Amino acid sequence: MLGCMTAALTIAFVPGVSPAKWARVWRERFPTVELVLRPIGSPDVDAALAEDVDMVFARMPVTEAHNAIPLWTETAVVATPKDSTLADATEITLADLADVHVIDAGPVPADVDGTLDLVETGIGVAVLPQSLFRKASRKDLVARTLVDSPGTRIALVWRDEDASDLTAEFIGVVRGRTANSSRSQPDQPGGPDRAGDDDARPPRGGSKAAAAGKAAVGGKAKAKSPGGAKSGSGKGSNSGKAPKPGRGRMRGKPSRGSKGNR
């Protein structure tokens, strides 16, 4: 059992994503297996996985060669000054932005703080995930839902060579598998409720998660179920299909072992 092992699992996460609730479940279930949480920048997913990070909560698209399980879709919002005309609306459409200067059309600005600094000057608006707007905490700005945007997809990402019993168990925690169930049994739809992410919309089932993930990133590339064959190699996007209930078991530890054990 993992609970009897002396090991470590390192999980990274991009800005706007909080793995805190899943970390609590892990530490209750596997108290002897150290879980290390590491914040990284959005462009740093590949570099983190190439070093000592086992898995990453990242925004799609990700490198095509990686495994990816789509988890939820973030709501896209328009950041605008409180005293602007758009601030009076409860929701905004793309048509509403036709005559407005859009500083950054998203889905994720390369420099969130710099973009919001420009929005505060009143020269325009910006589109970004609601979670990133909340994290920025700009008191002079408001966010209005962009209703006809597909939003951004959050996925749990890892490499084949980092697959292990530890990563398989963490996938089970994220997907809501109970402590008494085996990895061959169906996961609970949607996993644990998200803590602090009101805009998170967990998928209701594996097939719907895959469909939503495909729509969010233009339908490019297919994701791999845990332990499955790679969907491709090289750079590119990976929309990802969630494993069907009852499948997706990892193939066991890689030959070089878990990164946390090196």
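**View 1. Pro-107 and the loop between β7 and α3.** Pro-107 lies in the loop that runs between strand β7 and helix α3, where helices (H or I, at least four residues) and strands (E, at least two) are DSSP runs numbered from the N terminus. This is a predicted model, in which local features need pLDDT of at least 70 and side-chain atom pairs count only at pLDDT 80 or more, whereas totals for chains, interfaces and linings use all residues. Residues are numbered from 1 along each chain as its sequence is written, and side-chain values use heavy atoms, with hydrogens and water left out. The peptide bond leading from Gly-106 into Pro-107 is cis, with omega near 10°. A cis bond also joins Met-60 to Pro-61, with omega near 0°, and Pro-61 belongs to the loop between β3 and β4.

**View 2. The backbone at Ser-137.** Ser-137 sits in the loop between α4 and β9 (141-146), and its phi is near 50°, a positive value in a residue other than glycine. Most residues other than glycine have a negative phi, and most peptide bonds are trans. Ser-137 counts as exposed because its relative accessibility is 59%; the classes are buried for under 20% relative accessible area, exposed for over 50% and partly exposed in between, computed with a 1.4 Å probe and protein chains only.

**View 3. Aromatic pairs of the structure.** Five aromatic pairs are found in a search of the whole structure. The rings of Trp-22 and Phe-57 have centres 5.2 Å apart and planes at 10°, so this pair is stacked. The pair links distant parts of the chain, with Trp-22 in helix α1 (residues 20-29) and Phe-57 in strand β3 (residues 55-59), 35 residues apart. Trp-22 counts as buried at 2% relative accessibility, and Phe-57 likewise counts as buried at 0%. The rings of Trp-22 and Trp-72 have centres 5.9 Å apart and planes at 45°, so this pair is tilted. Because Trp-22 lies in helix α1 and Trp-72 in strand β4 (residues 67-74), the pair ties together parts that are 50 residues apart in sequence. Trp-72 counts as buried, with 3% relative accessibility. One aromatic cluster is formed by Trp-22, Trp-26, Phe-30, Phe-57, Trp-72 and Phe-170. Rings of Phe, Tyr and Trp (its six-membered ring) pair if their centres lie within 6.5 Å, and planes under 30 degrees apart count as stacked, over 60 as edge-to-face and the rest as tilted.

**View 4. Helix α5 and what covers it.** Helix α5 (residues 165-174) is mostly covered, eight of its ten residues being buried. The buried residues are Leu-166, Thr-167, Ala-168, Phe-170, Ile-171, Gly-172, Val-173 and Val-174, and Phe-170 is also a member of the aromatic cluster. The cover over the buried residues of α5 includes β1 (7-13), α1, β2 (33-39), β3, β4 and β10 (152-158), with contact meaning heavy atoms within 4.5 Å.

**View 5. The open sheet of five strands.** The strands follow the order β6-β9-β5-β8-β7, with mixed pairing. At the edges stand β6 (91-92) and β7 (102-104), each with a single partner strand, so one side of each is left without a neighbour in the sheet. Strands β5 (residues 76-81) and β8 (residues 125-129) run antiparallel and are joined by four bridges, where two strands pair if DSSP finds at least two bridges between them. Val-78 stands opposite Val-127 in β8.

**View 6. The largest pocket and its lining.** The largest pocket has a volume of about 510 Å³, and among the 24 residues that line the largest pocket, Ser-42, Pro-43, Arg-59, Val-108 and Pro-109 are the closest to its centre. At least two lining residues come from each of α2 (45-50), β3, α3 (112-120) and α4 (130-136), and α4 gives the most, with three residues. A pocket is an open set of points, on a 1 Å grid over the protein atoms alone, where a 1.4 Å probe fits and where protein lies on both sides within 12 Å along at least five of seven lines; lining residues have an atom within 4 Å of a point. Grid points are joined across faces, edges and corners, and a volume is the space filled by probe spheres set on the points.
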